[in-house]
Each structure stands twice: as C-alpha cells, then as structure tokens.
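Subject: Structure handover

Hello,

Here is the structure I said I would pass on. My notes on it follow below.

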Amino acid sequence: MQNSKLNKLALKAGVFYIVGQLFIRGITFLTTPVYTRLLSKAQYGEIRVYESWLLIMVPVMSLCLWRSVDRAKYDMGERYNEYVSSVQSLSYLSILSFFGVSLIFRTPLQKFWGMTDMMFFMAFLYVFGYTSILFMQRREKQMMRYKASIFITTVTIVPATLFSIALIYWGRVEGRLDELVELRVWGFYVPQVVGGLIVAVLLWAQGRKFIQKKYWKYALSYSLPLIPEALSIQIMNQADKIMIQFLVGYEYTGIFALGTTISFIIWIVEDSVWNAFLPWMYEKISQGEAGDIEKPWTVLMHGFGMMSWFLVALAPEIVAVLGSREYHMAVFLIAPMVTGTLLRFYSYIYTAIQNYHKKTAYVAAGTIVTMVINVILNYVCILRFGYMAAAYTTAASYFILLVMQGYLEKKVTGRRVIALKKSTVISAAYFGLNLVTMLLFEVQWYARYAAVLAAAVLAVKWMLPQFLRVVRDFKGGN
C-alpha cells in the first residue's frame, strides 16, 4: 500500500510537472523564429553568449547551495522549510560578496564578458532572483508538488518573453538597431528578477530562519564539492559558444546557437522528465528498492534515443522554421548536438546516485576531468576544422562523462543501479544512428519522410507496450 501510494503520487506529480515544464520552456523555443528574424546573426549570437555567462555565474556565486535541497528532505524532516529559508540567506550573502569583488574589477570583467554597464548589473540581479526560484523549485519537486513551481515560473517567463519581443520590435520601429541586445535584456530579465525576489520573501516567510549555523554547515559540506561539478557542466554546455565568439566571431556563434536551440527541444523534455523521475528514484533508494529503477529508466533511455533520431531526420525543416536561409548550415550541427544532449541525460542516473550517497566530491572530480578534455578539444578542433567541430567534441565529451560517472558510481557506492555496459552500448548505437541519418539529407524529401514515417510506426509498435507496462506498474504499486 505504501508503494502504491508513492507510485501514484509520483505519477500524478510527474505528469503535471512535465506538462507544465513543456509549456513554460516551450515558450522559449517557440519564440526562436521571432528572435532570429528581428535580430541579426551577430546580435542573436551576442544574446546567447550573455545567457551562457549567466548560466555559469549562477552556480558559482550561489555556491550551488540549492543543490542540497534534494537530499536535505531526508535529513531535515519537519524542519525542511527552515532549512531552505536559512540556506537561501547564505546563498544571498555569497552573491553579495561576489558582487562586491566584481565591482572592484568591473572594467576588465565587463570587457572579458562582453557586457555593457546595464548588462553587468542586470546579470547580478538575475543571479539573485533566479537563485531563489531554484530553491523553490527544488523544494517543491522533492515534495512531489507542482502547482506553486509551475505558477511562479509561468508568471515570470511568459511576461518576460512577451515584453522582450515587444521591446525589440519597438527598437526596430524607432530605428534603435544598435540597442536591440540591451532592449532584449531589459525585457527578458526584469520580470524574472522581480518574480525571483518575491519568491525569496515567500521562502523566508515560510521558513522563518535567516541564520542557522548547523543548516549552513550541512549545505556547505554537501554543495561546495558540487560547485566545480556544476561549473564544469555549464562550461561544457556554454564553452563552445563562448570559444566560437572569441576564435571565430559572433556571426558564427549565432548559427551555432540556433543548433543549440534545436537540441534544446529534447533537453526540455529530458529535464522535465528527469525532475519528475528523481524524487521517485530517491524514495526507492531510501526504501531499499533500487532494483525497481532499471525497468522505467531503460524505457526512458530508448524513448529519448528515438526522439533524438527524429529531430536529426527532420533537421532541415526545423532549421527552416526556426531560422532564415542564413542559418542553413545549422542543419549539419543537429546530429552531434542532440546526441550530446542525450548522452548528458544518460549520465544523470549515475551522478544522482552518487549525490544521494553524499559522494559529491567524486561527482565533481569526474566532471572536472571531462570539462578539461572538452575545452582542450574545442580549442584545438575549432582552430583546425572550424566552428562546427565544437558540436562533435562536446558530444564526445558527454560520452566520456557518462563512462566516467558510471565507473565512479560503482566505486563509491559499491553497486550499480543501471549496468554501465548497457548504457554505453545504447549510447554508441544512437550516436552512430544519428550521424548516419545525416545521409538522408542528400535524398529527395519524400524518401526521407517515408523513412521517418516507417520509423515512427516501428517506434510506436516497440515502445508503446513497454511504456504502458511501466505506467501500469506505477498504478499498481509494483
């Protein structure tokens, strides 16, 4: 009965969370054709590089303390809200300290980051606001609740998207073409900053703990080792665009960024499903029932593998919709990019299990090594083969990350929930399939569509029974 209740709660919360996240994050994806047509390739590339810097700044300046919220649920019990409130305060103190130091070195930092004065200050305001949203999302996810998280994200992202598009359009009408990047920053980030600060107040009001040393000690011991890991992951995710900007230029960064946006399609679904899957998986491990994890996880691996293939097969049409003819070369980036996103998803299972057992230092070590390999490969291959090489080096790096984290999981926990051999075989199969699929770009469109239709029929015939079986298991509590 306890298993049945847990599974049904996880299924209900997971479905609503996934649907909500798909809607919210899908807005960002659906507005890409608008941005690529209102902005030049260089301006679009500049905006995406700015986003890359923000994604690197958040985990470092907040000390990754929001990552501890996942595990703290099992140690804090009824003091969970107190914990979140207090640790949020520590994150804010850290961000303030980073801001103070950055003010001292403001001129060289702005030059290196490629930011104007307004973009510089907005970046720090965003780090404050987004950190609170991360705390709230992590808490609600672990409690298998979805309403508050979806509501807050919706009332920040939707206005931000609409406001930013309106400002860019106004800027074009008024002839302020050189100010379009700043107008987009104003429109997109101000609503998120305001929403994040409101969330911060709510978390403090619910927890009513601003300073608690024992909570801070717990959070620091868990999260500090994760800073290099989070930073390394973000460097792997963002370094390609930043390095292309420095080595080649913003225009090529724009083409590469469009390819990244298409890989974002599968990432949106992957990340939503993972955030719904993780609380259930942690509950299973805490109850000594880790053996129940393999079956649904294997279904997810194949499901997303096939989804990646369909994105590659339809890459010409997707690029045509999201960008103009100027972005056509992005077609040849899709296969390695969506495969890299897929392999990153496969590695989640191994890092999550290490995090559950509080072996965060091992997670960081494996990720740092992979990040260094990725940066070196990016630098060498971009200079030697051009900007497109970065997509392939990043995909190869995520395969290395998968193998390394799978090895470390067994080493530090003494067991393996998902066989590493199974993961590597499935990864290699979809990697090879996606690359070979690019040959379909040379045939007539109707032949490619016929192949897609045939694959869809086979995929439904093979996967649907497995998916329905997993759903039945959840409903039955098995």
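The largest nonpolar core has 141 residues, and Trp274, Met281 and Ile349 touch the most other members. Such a core is a set of buried Ala, Val, Leu, Ile, Met, Phe, Trp, Tyr and Cys residues joined through side-chain atoms within 4.5 Å; buried means under 20% relative accessible area with a 1.4 Å probe, protein chains only. Helix 12 gives the most to this core, 18 residues.

This is a predicted model, in which local features need pLDDT of at least 70 and side-chain atom pairs pLDDT 80 or more, while totals for chains, interfaces and linings use all residues. Residues are numbered from 1 along each chain as its sequence is written, and side-chain values use heavy atoms, without hydrogens and water.

Helix 12 covers residues 250–286 and includes Trp280; helices are DSSP runs of H or I, at least four residues, numbered from the N terminus. Trp280 counts as buried because its relative accessibility is 2%. Beyond its neighbours within four places in sequence, Met281 is in contact (heavy atoms within 4.5 Å) with Trp274, Ile293, Ile349, Ala352 and Ile353.

Elsewhere, the axes of helix 3 (residues 41–61) and helix 9 (residues 180–207) come within 10 Å and cross at roughly 45 degrees. Axes are lines fitted to C-alpha atoms over the stretch in contact, with angles from 0 to 180 degrees between N-to-C directions. In helix 3, Gln43, Glu46, Ile47, Tyr50, Glu51 and Leu54 meet Leu180, Val181, Arg184, Val185 and Tyr189 of helix 9.

Regards

Note on methods. Helices (H or I, at least four residues) and strands (E, at least two) are DSSP runs, numbered from the N terminus. Buried means under 20% relative accessible area, exposed over 50%, partly exposed in between (1.4 Å probe, protein chains only).
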